[in-house]
Amino acid sequence: MKLWAGRFSKETDQAVNDFNSSISFDSRMYRQDIRGSKAHATMLCSVGILTEEEKDAILGGLTQIEEDLTTGALAFDPAAEDIHMFVEAELTRRIGDAGKKLHTARSRNDQVALDIRLYLRDEIDSLIPLVKALGKALCAKAGENLTTVMPGYTHLQRAQPITFAHHLMAYANMLARDLGRLADCRRRMNVMPLGSGALAGTTYPLDRELVKELLDFDAVTLNSLDGVSDRDFCIELASALSILMMHLSRFSEEVILWCSWEFRFVELDDAFSTGSSIMPQKKNPDITELIRGKAGRVYGDLATLLTMMKGLPLAYNKDMQEDKEAIFDAVDTTRLCISTLIPMLETMTVKPANMRAAAAGGFINATDCADYLAKQGVPFRDAYKVTGQLVALCIEQGTTLEELPLAEYQKLHPAFAPDVYDAIRLETCLGQRKVTGSPAPETVEGQIAAAAKWFED
C-alpha cells in the first residue's frame, strides 16, 4: 500500500505507478537520503518529538539498511515510488512503529530538496580532483615542451609562432576557471532546505540549525516556498559542466586535427585509438570525437533543466522530478570524459619536428619582420605594407622570409640589414615575447608554476 493511500479509495493504475515512479534513478541517492533521515531523527529527539529509544532504533535501522544496500544484501524494490518511500517502508518493516514516526514534520518535497543537494555536493567534491588531475596532466605535458615551436592559428590559418607548452597552458587556464565555477556552485548549493515542509514549514518546534550542523551546511533556507521549489543549483551545476565540456570539446577538436596526416603534430597511443573495419591503415581518435559529441549531450541536459523550470508556479510540481535524470547524466558524462582524457593526454606523443616545419612554412614571422622595420623608425603601417610585399614575393619565388636574399629585402626598403635574419628566426621571435602571458619559454614556465598552485590537492 502507498504511504499516502489514506485519501484514495482505489489503487493507482499500474501504468500510472510506473510513469510516476522515480526509484529507478533516484535510488542512487540512498546514502544521502539515509544521512538526511539520521540527522532529522536526531533533531526530532533533541526537541522531544522522538524518545531516545525511538531515535536509537531509527538510527540503527537506517545504518543496517545502508549497509545492506551497499553490500547487495538488500535490493531496491522497483514497486516503490521513490527512494524516500522505499527507505521509510523498509525501516518500518524492520523496526515497527518507530519507523512510522521518522517522517514527522517532514515532506518528501523538502526531503528530496535536501537529498539532491547532498548528492550533488558529493559529486562536485569528486569532480574537482578529476579536473585538477587533468590540469596537472596539461602542466606536465607543457613542461616537456617549453621549446617545442609550433604555429599559433587564427581562423585556422597559421598566424604567429608559439610553443606547444603555451598552447596547452591556454587550456589549463580554462580548467582553472572551471574549478572556480564548480566551487562557486557548491557554495551556493550548500544551504539546508529541510524544515520547509511541503511548502509552508511546520507547526512542530524544529531545530533547523542542528540539522544544518549535522549535515555540514553553511546556512538554512530562509523561505519555505523557495526551499522546496529551488533547482537553481542543478541548473548552475549543469551550466558549469556545459562550459567545462565545451573546453574539453575544443581541446578534442585540436587533437583530432593534430592527429591527421595533414598536421601530424601528435600521435595517440594505440591504447587510446581505434581502427577501421575495412581500412587497415586507419588510426582514429575516437575518444576525442566522442568527447566532442558528448558535449552536446550535456548541453541538452542543461536545456532540459531550464525548460522544465521556466513555467513552474510556486511551490513544488511533479515536473521537478525530471531534474534528476538530467543532472545525473550531466555529471556522469563529464566524469567519464575527463577520466578518459587524462591517460590519453599523458600517453600522447608530441612531434616537435613536424610542428617546427609547419611553423617555418607559414610566414608566421611576418609580424616580427614588420616589427624589425618599426624598430628602425619606419612607421608600422609602412612596415606592414613592405612586409606584405615581401611575403608576396616569397610566394611568387617559392621561398621563405628566412631564405630570401638580403638584396631583395633592400629593394623594398633600405632599412633592412643582415641582422634581419636573426630578428625573424622563430626562436628569436618566441624568445622576445616576454610580456606576461606570452609564449617565451621562461614566461610559460611562470604560467606552469602558477597553474600548479591552482591544481594542488
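**Ground rules**

I number residues from 1 along each chain as its sequence is written, and side-chain values use heavy atoms, with hydrogens and water left out. As the model is predicted, local features need pLDDT of at least 70 and side-chain atom pairs count only at pLDDT 80 or more, while totals for chains, interfaces and linings use all residues.

**Entry 1**

I took helices (H or I, at least four residues) and strands (E, at least two) as DSSP runs, numbered from the N terminus. Axes are lines fitted to C-alpha atoms, for helices over the stretch in contact, and angles run from 0 to 180 degrees between N-to-C directions.

I looked up α3 (residues 30-46) against α4 (residues 52-71) and found an angle of about 175 degrees, with the axes 9 Å apart. That makes α3 roughly antiparallel to α4 (under 35 degrees is roughly parallel, over 145 roughly antiparallel, 65 to 115 roughly perpendicular and the rest oblique). Contact means heavy atoms within 4.5 Å; on the α3 side the residues include Y30, I34 and A41, and on the α4 side they include I58, L62 and L69. By class, this contact has nine nonpolar, four polar and five charged residues. For the classes, Ala, Val, Leu, Ile, Met, Phe, Trp, Tyr, Cys and Pro count as nonpolar, Asp, Glu, Lys and Arg as charged, and the others, Gly among them, as polar.

Next I checked α3 with α5 (residues 83-95), which pack at about 60 degrees with their axes 10 Å apart. That makes α3 oblique to α5. Here Y30, D33 and I34 of α3 meet I83, H84 and V87 of α5.

**Entry 1: α11 and α12**

I then moved on to α11 (232-259) and α12 (286-309). Their angle is about 160 degrees and their axes lie 8 Å apart. The two helices are therefore roughly antiparallel to each other. The contact of α11 with α12 divides into 17 nonpolar, five polar and four charged residues.

**Entry 2: spaces**

I searched on a 1 Å grid over the protein atoms alone: a cavity is a set of points where a 1.4 Å probe fits but cannot get out, and a pocket is an open set with protein on both sides within 12 Å along at least five of seven lines. Lining residues have an atom within 4 Å of a point. Grid points are joined across faces, edges and corners, and a volume is the space filled by probe spheres set on the points.

The largest pocket has about 440 Å³. I counted 19 lining residues, with G152, Y153, I162, H167 and E254 nearest its centre. α8 gives the most to this lining, with five residues. By class, the pocket lining has nine nonpolar, six polar and four charged residues.

Most residues other than glycine have a negative phi, and most peptide bonds are trans. I noted H155, not a glycine, with a positive phi of about 55 degrees; H155 sits in the loop between β1 and β2. I also noted a cis peptide bond joining L314 and A315, with omega about 5 degrees. A315 is in the loop between α12 and α13 (323-346).
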